[in-house]
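Colleague: I have a structure to read and a list of terms to learn. Please take me through the terms one by one.

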Amino acid sequence: MKNFGLFILGLIIGLIAMYFYCQSNSKEVHDENSDDISKPSGLISPEEAKALDRAYNPRYKLISDLIVTRKGGDNRSSWYAIDDVKNYLGYAENQAKDLGYTMNGIRIYLGAYPDKGEEQGYTTMFFVPTGTQNKSKGALVNMQLENKGDIPGGDALNMGEDGIPPGANYSQK
């Protein structure tokens with residue numbers, strides 16, 4: 001009878017523990033799907049963005065005056081649809097897994113379209129996935145520092161739309 005009493009006590013404690021475990025698990029799932037969005041690091045104010053834009057003006061003028069002969073200058077910005085960016089991030093993460101990497105970010109590069117005859121190609125910006133290679137080192141603790149290298153073989157996202165007009169400063173309306 002003593003063993004049966006301990007069995008019942010263990011069963012009750014197990015049920016209580018399971019109840020609290022399930023409650024905490026359902027709360028975590030709700031938190032992940034909630035509309036609470038945390039403020040990302042690296043945000044700057046519109047005033048700081050304008051200061052960065054103004055600081056770029058001499059470089060832009062130098063490039064436009066020396067290299068670009070097109071009226072209106074070269075492109076200063078690229079616009080991407082939010083759905084394209086979201087789709088790209090999901091696509092890039094899946095591709096990174098297939099390539100044996102864990103995606104940890106994106107890098108944005110400046111590029112330029114090739115000249116077509118007499119017409120010069122505009123500057124563009126494109127996204128490239130970055131990450132770490134999935135390697136098993138047989139250790140309990142991974143001592144490798146986070147690598148932010150480009151993922152070899154990862155597709156890049158380009159084809160954003162030019163600024164309106166291409167040489168327009170921040171902020172465009």
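Predicted model: local features only at pLDDT ≥ 70, side-chain atom pairs only at ≥ 80, totals over all residues.

Colleague: What makes up the secondary structure of the protein?

Modeller: The protein has three helices and four strands. Helices (H or I, at least four residues) and strands (E, at least two) are DSSP runs, numbered from the N terminus. Read from the N terminus on, the order of elements is α-α-β-α-β-β-β.

Colleague: Why is threonine 130 called buried?

Modeller: Buried means under 20% relative accessible area, exposed over 50%, and partly exposed in between (1.4 Å probe, protein chains only). Threonine 130 has 4% relative accessibility, so it counts as buried. Its place is in strand 3. Of the 173 residues of the protein, 21% count as buried.

Colleague: What does threonine 130 touch?

Modeller: Contact means heavy atoms within 4.5 Å. Not counting residues up to four places away in sequence, threonine 130 touches Thr102, Met103, Asn104, Gly105, Ile106, Arg107, Lys148, Gly149, Asp150 and Ile151. Threonine 130 and proline 152 are 22 residues apart in sequence, with 8.8 Å from C-alpha to C-alpha.

Colleague: What share of contacts in the protein joins residues at least 24 apart?

Modeller: Among contacts between residues at least 6 apart in sequence, the share is 63%.

Colleague: What makes a group of residues a nonpolar core?

Modeller: A nonpolar core is a set of buried Ala, Val, Leu, Ile, Met, Phe, Trp, Tyr and Cys residues joined through side-chain atoms within 4.5 Å. The largest one here has ten residues: Tyr80, Tyr88, Ala92, Ala96, Tyr101, Met103, Met125, Phe127, Ile151 and Leu157. Helix 3 (82-98), strand 2 (101-112) and strand 3 (123-133) are the elements that give two or more residues to this core. Helix 3 gives the most, with three residues. Alanine 92, one of the core residues, touches Met103 and Pro129, not counting residues up to four places away in sequence.

Colleague: How do you know that aspartate 53 and arginine 76 form a salt bridge?

Modeller: A salt bridge is a side-chain nitrogen of Lys or Arg within 4 Å of a carboxyl oxygen of Asp or Glu. The closest N and O atoms of aspartate 53 and arginine 76 are 2.9 Å apart, so the pair meets the rule. The pair links distant parts of the chain, with aspartate 53 in helix 2 and arginine 76 in the loop between helix 2 and strand 1 (78-79), 23 residues apart. Aspartate 53 is buried because its relative accessible area is 13%, and arginine 76 is buried, also with 13%. With neighbours within four places in sequence left aside, aspartate 53 is in contact with Arg76, Asn169 and Tyr170.

Colleague: How many salt bridges are there by this rule?

Modeller: The count is two. Arginine 107 and aspartate 150 also meet in a salt bridge, at 2.3 Å from N to O. Arginine 107 is in strand 2 and aspartate 150 in the loop between strand 3 and strand 4 (161-162), 43 residues apart. Arginine 107 is partly exposed because its relative accessible area is 29%, and aspartate 150 is partly exposed at 31%. Side chains of opposite charge can pair when their charged atoms come close.

Colleague: What makes the nonpolar surface patch?

Modeller: Patches are made of residues with over 30% relative accessible area and no salt bridge; like charges are joined within 9 Å, and nonpolar side chains (Val, Leu, Ile, Met, Phe, Trp, Tyr) within 5 Å. Leu62, Ile63, Leu66 and Ile67 make a nonpolar patch of about 410 Å². Isoleucine 63 is found in helix 2 (residues 46-66).

Notes. Residues numbered from 1 in each chain as written. Heavy atoms only, no water. Areas by Shrake-Rupley, 256 points an atom, 1.4 Å probe, with all protein chains shown as cover.
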